[in-house]
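Welcome! Take a look at the sequence and the model, then read on.

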Amino acid sequence: MNKTVTYNNVQCDEAIAPDSKITTLEYLESQGLKVNYHCRDGTCGACRCQLNRGSVAYTTEPLAYIRDGEILTCCTTPTSDIDITCEF
Ligand code: FES
């Protein structure tokens, strides 16, 4: 089943295919969205976002500090429909 992404309260037009391994960050970039990032490997924390709904899987063990309810977009892939809020 395709996975939808809601980013800062707006649902993205394009869903993620069930077998896609795209990271959350790569997906947001593919949608032309403004996103924060730096290292792209889970070290710096610049891509930290609040996960309001849904679930993600980590593609690599993150080194950056994350609080409960937060995710790093650069090293996660959505495993369900997700709703995230990212601040700049
Ligand atoms: S871009 Fe550095 S932790 Fe994601």
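Predicted model: local features only at pLDDT ≥ 70, side-chain atom pairs only at ≥ 80, totals over all residues.

**N9, in the loop between β1 and β2**

- N9 sits in the loop that runs between β1 (5-7) and β2.
- N9 is exposed because it has 9 C-beta neighbours inside 10 Å, and the limit for that class is 12 or fewer.
- The backbone of N9 has a positive phi of about 70 degrees, even though N9 is not a glycine.
- For background, most residues other than glycine have a negative phi.

- Look for I22 in the loop between β2 (10-11) and α1 (24-30).
- I22 counts as partly exposed because 14 C-beta neighbours lie inside 10 Å.
- Beyond its neighbours within four places in sequence, I22 is in contact with I16, Y27 and T77.
- I22 and C74 are 52 residues apart in sequence, while their C-alpha atoms are 9.7 Å apart in space.

- R40 belongs to the loop between α1 and β3 (48-53).
- R40 is not a glycine, yet its phi is positive, at about 65 degrees.
- Not counting residues up to four places away in sequence, R40 touches L25 and C74.
- From R40 to Y27 there are 13 residues in sequence and 13 Å in space, C-alpha to C-alpha.

**β3 and its partner strands**

- Which way does β3 pair with strand β5 (residues 70-72)? The two run in the antiparallel sense, with 3 bridges.
- In that pairing, R48 has L72 in β5 as its bridge partner.
- β3 also pairs with strand β7 (residues 82-85), in the antiparallel sense and over 3 bridges.
- Here R53 stands opposite D83 in β7.

- C74 is a handy landmark: R40 touches C74, and the C-alpha atoms of I22 and C74 are 9.7 Å apart.
- Y27 is another, being in contact with I22 and lying 13 Å from R40, C-alpha to C-alpha.

Key
Residues numbered from 1 in each chain as written. Helix = DSSP H or I, 4+ residues; strand = E, 2+ residues; numbered from the N terminus. Buried ≥ 20, exposed ≤ 12 C-beta atoms within 10 Å, placed from the backbone. Contact = placed C-beta atoms within 7 Å. Pairing = 2+ DSSP bridges.
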